[in-house]
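Please keep the structure in view while reading.

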Amino acid sequence: MQNKIDLSSALEVKTEQLSIINQFSSSLLQLDRLDELFEYATTEVVKRLGFVDCVIYIADEKNATLHEVASMGVSNSASDYSIERSIINFNQGITGYVASTGRAVISGDVSTDSRYIADARPARSELCVPLIYKEKILGVIDCEHPVHNYFTDAHLEILTTVAHLLSAKINHVNTVENLQQTVSQLNTAQKLESTLLQIANLTYQANDLDTFLESLHGILTNLLRADNFLVALYDKQIDILDIVYIVEQGVRSNAHKKISKEQLKNTASYYLLNSEQPLLLNKEEYQQHIQAGHFKMVGRQSESWLGVPFKVSDNISGVIVVQSYDKTHHYDDHDLALLTYVSRQISLTIDRQLSRQALEYRALHDELTGLANRSLLIDRIKHAILKLTRTPKGTYHALLYLDLDRFKSINDSLGHEVGDHFLIAICKSIKATIRNTDTFARLGGDEFSILMENITHKNQVTEALKRIKKALAEPLNIDGHLLQASTSIGVAFCDNKNDKAYKLLQHADAAMYEAKSNGRSQVRFFNNTMRKKLKSHADIENDLQHGIEHNEFELYFQPIFTIGDCHVVGFEALVRWHHPTKGFVPPNDFIPIAENTGQIINLDLHLLELAAKQISTWQQQGKRFLRITVNVSSRHFASLDFVSQIHAIYNTYQLPLGSLCLEITESGLIENLELATKIIEGLSPLKVKLCLDDFGTGYSALGYLHQLPIHVLKIDKSFIDHLKDTPTPLVDAILSLASSLELDVVAEGIETQQQLTTLQQTKCNYGQGFLKAKPLPACQAILLIDQPL
């Protein structure tokens, strides 16, 4: 009867256990959190199996220690049950042995087991099984009991089943969590990559710093909490920190805030600038810096503070700072790396902006004086004219055009360095006399302009002119040279919204030339007479190309003869323009215009071809060899194309070598003497000679003689006019110089027999002038070559 009862009881226990296991298996499908899983395993499974004590330990990643994650049992007090040791090393006690070996242990009397380590409530028997998944130790389930030999093989079997199910579920949850973490990391990485790419693109495209920082802040908040966000630039030269962008607790402050060193030295930003190292501080660490005297508390204390310094240039450095007021959000090394990257992008953007500003400044300002250049002046004039539509009636603008008197002589006699210093000093003096609203510009060389906007009375201009004259009245000490400055000034006005900037500049320029033609330090206002003259110049400019294309230009020839016996050796070709409506136009009326507009290049080539045709015609007529000299602009000596053009003319007309020669005036300054020398040497196979006209009237002739292969000097008529019975010392000096340099000399403007007789007493080779012949058409000139004049 007893056996039947025991068998029935055992069957009930077994059935209950299977029910618990089945329910546990079903519940595992619903549990996805490990803490819930462990709690359920101890309280709803092991406890229901009849065990009075159970602890679940999970191994760390290195399988060195076991960490208690859940427990249940009978407590000696009213408080919740807890175990004494929550961390156990592998190989420590029975629990550690099971973890290290992976084998279960069942002990009926733990007092006889040397491995047993007593807890706060010593046990009599113990059952411990490993949590294993695919041979990897995940942890152990440890059960103890106060009765000897309590645990049986059946207990071992059922707990092993529980451990097996629990191990599979732990692995499943870990796998899911790892996958979720991996996905989260991938999403974070993708988000980071996208954000960094956005920042890089923003850096490349940024044109305005404020807009860039606003967009940057918007992008950065996707990755980084920033209750406060600050970017500041520090200028070492003026010792001021400029807060260029700041958001405080979500509120943007638009105005730039400049902090002087007195205020700045107490801030964490200044400490950051001096240390040149990033700072990642929590609330306590921030207070430690304050106690150490590194900086003071400014504003509200943050929970976390992160700042990174950056450098833009030798003079400009900066800081970027973020703060968090949320107790749950503290910055870490990842945030530091991100903010460091951002600081570099800010540095690049600012550097690009500064470089662009420098380029824009250089593009719109004169390099020597720092004044506005022609482009900026014209832009200011255009804007000023547009503003006339919104200004009161009677408001107008004035443009002063200044040309320094005799500046070229200072450059030539004292050198360009002294000339540059002289210009800078003059500009400084003039700038001190004008209004802050006036635009002072350098147009090139020694020409300047002042735009006076919103003039209401002409007296404002006359007073400005008086101030300029007074400022230049005293001599200037430039590099030890006492130099007197003066300027010719032309003034023009505009009062109509339909006026044009280039016209205003043209009018002021015309007035300046009128002032300059009347002597030094003169002022002229643009008037109708000048307007008519400009109109005439514009007409000539328009008609020049038409004249070339329609053969309106003719060469006249003035004989060049030997001083001794007055035999003709050649001619100087002089141009005449037979205009279809204006009639004869003097060279002085169109040559300067052609020179200023650049049309002189085509005109010269046209005249050289006319001269070549005439030489070819005379040659075909059997006339003896004659040399024709043609005046050309110094502009031709700025391009090697001139060499091929002269060679082409010689080849086209089959000219004898040396029959076509070139003449330049001393006043037509050649800028690039090295290139000009190459051009003249390129013409040497044609035996083309270069004549220097008007010798002695300018300041560059001696430089030409030393650096250019000049062949002939022409003494200017102004020196010949003063010849009487004996040569003047200056003429003697020129002839002596020419002799030492083995140059031929032509005396121009011989008009009296006395002048010729005096020259015949010198070493002068050749002459020309009205005494023997005026410039003549080709048909008359050729009649003079067969007999002495």
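By class, the residues lining the second largest pocket divide into 10 nonpolar, 6 polar and 9 charged. Here Ala, Val, Leu, Ile, Met, Phe, Trp, Tyr, Cys and Pro count as nonpolar, Asp, Glu, Lys and Arg as charged, and the others, Gly among them, as polar. The model is predicted, so local features need pLDDT of at least 70 and side-chain atom pairs count only at pLDDT 80 or more, while totals for chains, interfaces and linings use all residues. Residues are numbered from 1 along each chain as its sequence is written, and side-chain values use heavy atoms, with hydrogens and water left out.

The second largest pocket has a volume of about 960 Å³. A pocket is an open set of points on a 1 Å grid over the protein atoms alone, where a 1.4 Å probe fits, with protein on both sides within 12 Å along at least five of seven lines; lining residues have an atom within 4 Å of a point. The volume is the space filled by probe spheres set on the points, which are joined across faces, edges and corners. Of the 25 lining residues, Asp509, Tyr513, Leu534, His537 and Asn596 are the closest to the centre of this pocket. Helix H14 gives the largest share of the lining, 10 residues. Helices (H or I, at least four residues) and strands (E, at least two) are DSSP runs, numbered from the N terminus.

Why does the second largest pocket lie between domain 3 and domain 4? Both domain 3 (367-526) and domain 4 (540-782) give residues to its lining, so the pocket lies between them. Domain bounds come from an automatic or database domain assignment. The C-alpha centres of domain 1 and domain 4 are 119 Å apart.

## Burial of single residues

Buried means under 20% relative accessible area, exposed over 50%, and partly exposed in between (1.4 Å probe, protein chains only).

| Residue | Relative accessible area | Class |
|---|---|---|
| Cys494 | 2% | buried |
| Cys566 | 6% | buried |
| Val569 | 32% | partly exposed |

Cys566 is in no disulfide, and the nearest cysteine sulfur, that of Cys764, is 11 Å away. A disulfide is a pair of cysteine sulfur atoms within 2.5 Å, and by this rule the count is 0.

Val569 belongs to strand E22 (residues 568-579). Leaving aside residues up to four places away in sequence, Val569 touches Ile560, Phe561, Thr562, Leu626, Arg627 and Tyr766, where contact means heavy atoms within 4.5 Å.
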